[in-house]
Amino acid sequence: MILLDGKIARAHYSSLLEKRIKELSFVPCLVILQVGNRTDSNSYIKAKKSFAQKVGVKEIHINFPEDVGQEELIEAVKKYNQDESVNGIIIQLPLPPQINSEIVLNLIDPKKDIDGLNCATKFLPATARGIRELIKFYKIELAGKKVTVLGRSKLVGEPVAEMCHEEGALVTICHSKTENTPQKAQDADILIVAVGKPNLVGREYVKEGQVVIDVGITRHSEGQLVGDVNFNEVKDIVHMITPVPGGVGQMTVLALFENLIDACYSNKNN
Ligand code: NAP
């Protein structure tokens, strides 16, 4: 079994990214808008801020109270859309129920929507781009391969499936209502799992020679991160597999910053 190590792939792409950042005549700036104080959001933001610091990106983190009104958040988006020193804006999801995520996300200037969640976006959502980078790093071919994606969310499953389709794969999408999901998973050359159910995927979902990419991240009460794939049960069957932690999550943060630096270059005023 070959471990698809996100840390190694990220280190490789990070050095390329740092080089691109140094070649700019300005310091890229990312704005992170957060509402409330969810533990998972805090840890994702911490990872983004620490990566920003490492590669030389300025970040502005605005943390609104849990009960902030939608108008106040919209005003912040408009302010940073107009601020030419800001190259990327992200709104940490999920948002509390008084805020319509779709309305607010669609107000981000598409040139600054580095999360790729706005309907006019110019960017591939970070998880999909991160998976594409990881696959490329390990020289896995997508074109002509059978790919099964478990999960069809707007944030993860759907853009990942679209990316694989764009790369020439034959894509099957499974969701909560799909029948015979284990069989459809087993039939794939590449299985990508983005469900959010810890250890869902056991031996009955996989086969020899398969590549398994686990997007799922669930934090156990003791703080430990668990994937959707039962790693120990399938690791001796499949050909390649991502660990959790240390797999796709590493690549998602990297891809977000790749989108940011693409935004800097395409609107270059340097
Ligand atoms: P989500 O919005 O809850 O969507 C889950 C999807 O899984 C839905 O489409 C659902 O189907 C489908 N599903 C549920 N049970 C299933 C089953 N037994 N077989 C096949 N599909 C099933 O979750 P999400 O936002 O997409 O996130 C998925 C996971 O990825 C979570 O663990 C999240 O933490 C993780 N994540 C990781 C990263 C990373 O960088 N590694 C980034 C983002 C998210 P229906 O549509 O029919 O309900």
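Author: A salt bridge is a side-chain nitrogen of Lys or Arg within 4 Å of a carboxyl oxygen of Asp or Glu. Side chains of opposite charge can pair when their charged atoms come close. The model is predicted: local features need pLDDT of at least 70, side-chain atom pairs count only at pLDDT 80 or more, and totals for chains, interfaces and linings use all residues. Residues are numbered from 1 along each chain as its sequence is written, and side-chain values use heavy atoms, with hydrogens and water left out.

Reader: How many salt bridges does a search of the whole structure find?

Author: The search finds 13 salt bridges. In one of them, lysine 136 meets glutamate 133 at 3.1 Å, N to O. Both residues lie in helix H5, three residues apart, about one turn of the helix. Helices (H or I, at least four residues) and strands (E, at least two) are DSSP runs, numbered from the N terminus.

Reader: Is glutamate 133 buried or exposed?

Author: Buried means under 20% relative accessible area, exposed over 50%, and partly exposed in between (1.4 Å probe, protein chains only). Glutamate 133 has a relative accessible area of 4%, so this residue is buried.

Reader: Which salt bridge does aspartate 262 form with arginine 129, and which parts does the pair tie together?

Author: Their side chains meet at 2.8 Å, N to O. Aspartate 262 lies in helix H9 and arginine 129 in helix H5 (residues 126-137), so the pair ties together parts that are 133 residues apart in sequence. Arginine 129 counts as buried because its relative accessibility is 11%, whereas aspartate 262 is partly exposed at 23%.

Aspartate 262 also forms a salt bridge with arginine 20 (3.0 Å, N to O). This pair links helix H9 (residues 248-266) with helix H1 (residues 6-22), 242 residues apart. Salt bridges that share partners join Arg20, Arg129, Glu133, Lys136, Glu258 and Asp262 into one network.
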